[in-house]
Amino acid sequence: MTLSSEHGDLGAEDLKIITLARSARARNDVPEGAAVRDETGRTYVAGTVELESLKLSALRTAVAMAVASGARSLEAAAVVSTADAASDEDRAAVRDLGGPDTPVLLAGPDGKLRVAVTAG
C-alpha cells in the first residue's frame, strides 16, 4: 500500500520506520532518531549515542544493531533530525549493508518527509 500525503508516495512500511525513528528521538531526548528495516522486515530503532568514549549517529547505531542481530541486508532506512541531509557517513553505513539503491528517508522532528535519497 502506498500513501500519498505530505510524506510523498511512501508505503506503510516506510511510514512505520519514520514513526519509529521519531518516537526514539522524542523518548530518549536525543538529537536524532533512526530506524532501519532488514530483508526479513524486522526493524531496528536507535537514537544518537553520545558517550565520552563513543559517539555514533542514530542511523549508524541502527545499522550496527541490525548487523549485530544478523541482518544480511537492508530494505530501507529512516532518520528524524533537524539536519537538511543524511550525512555521507550515515549513507555509507546503509550502503555497506543494504547496497547503493537502499532508500534513506530524512524526516523533520514533526515526522514530515524532507528528503528521500538512496544510500549510493
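Two strands pair if DSSP finds at least two bridges between them. Helices (H or I, at least four residues) and strands (E, at least two) are DSSP runs, numbered from the N terminus.

The model is predicted: local features need pLDDT of at least 70, side-chain atom pairs count only at pLDDT 80 or more, and totals for chains, interfaces and linings use all residues. Residues are numbered from 1 along each chain as its sequence is written, and side-chain values use heavy atoms, with hydrogens and water left out.

**Exercise 1. Determine the strand order of the open sheet and describe how its strands pair.**

Step 1. Begin with β7 (residues 74-80). Strand β3 (residues 33-38) pairs with β7 in the antiparallel sense over 6 bridges. Within β7, A77 is the residue opposite V36.

Step 2. Turn to the partner β8 (residues 103-107). β7 and β8 pair in the parallel sense, with 4 bridges. A78 stands opposite L105 in β8, and V80 stands opposite A107 in β8.

Step 3. Continue to β9 (residues 113-118). β8 and β9 run antiparallel and are joined by 5 bridges; P103 has T118 in β9 as its bridge partner. These two strands form a hairpin with 5 residues between them, and G111 in the turn has a positive phi of about 90°.

Step 4. Assemble the order. The open sheet has 5 strands in the order β4-β3-β7-β8-β9, with mixed pairing. β4 and β9 stand at the edges with a single partner strand each, so one side of each has no neighbour in the sheet. On average, neighbouring strands of this sheet are turned by 15° against each other, direction ignored; axes are lines fitted to C-alpha atoms, for helices over the stretch in contact, and angles run from 0 to 180 degrees between N-to-C directions.

**Exercise 2. Locate helix α3 (residues 88-98) relative to the strands.**

Step 1. β7, α3 and β8 make a right-handed β-α-β unit. Right-handed means that, with the strands pointing away from the viewer, the path from the first strand over the helix to the second runs clockwise.

Step 2. α3 lies across β7, β8 and β9, and runs at about 165° to β7.

Step 3. Consider V94. Leaving aside residues up to four places away in sequence, V94 touches L59, V63, L74, A77, G99, T102, V104 and A119, where contact means heavy atoms within 4.5 Å.

**Exercise 3. Identify the residues with the most contacts inside the largest nonpolar core, and the elements that contribute to this core.**

Step 1. Buried means under 20% relative accessible area, exposed over 50%, and partly exposed in between (1.4 Å probe, protein chains only). A nonpolar core is a set of buried Ala, Val, Leu, Ile, Met, Phe, Trp, Tyr and Cys residues joined through side-chain atoms within 4.5 Å.

Step 2. The largest core has 20 residues, and those with the most contacts inside it are V36, L59, V63, A66, L74 and V94. Two or more residues come from each of β3, β4 (43-47), α2, β7, α3 and β8. α2 gives the largest share, 5 residues. Another core, of 12 residues, lies apart from it and includes L10, L15, I17 and A21.

Step 3. In helix α2 (residues 58-68), the buried residues are A58, L59, T61, A62, V63 and A66. In β7, 6 of the 7 residues are buried, so this strand is largely enclosed by the rest of the structure.

**Exercise 4. State how many salt bridges the structure holds, and characterise some of them.**

Step 1. There are 5 salt bridges, each a side-chain nitrogen of Lys or Arg within 4 Å of a carboxyl oxygen of Asp or Glu.

Step 2. D14 forms a salt bridge with R37, with the closest N and O atoms 3.0 Å apart. D14 lies in helix α1 and R37 in strand β3, so the pair ties together parts that are 23 residues apart in sequence. Both D14 and R37 are buried.

Step 3. D90 and R60 meet through their side chains in a salt bridge (2.9 Å, N to O). Here D90 in helix α3 and R60 in helix α2 are 30 residues apart. D90 is buried, with a relative accessible area of 3%, whereas R60 is partly exposed at 30%.

Step 4. Salt bridges that share partners join D14, R37 and E75 into one network.
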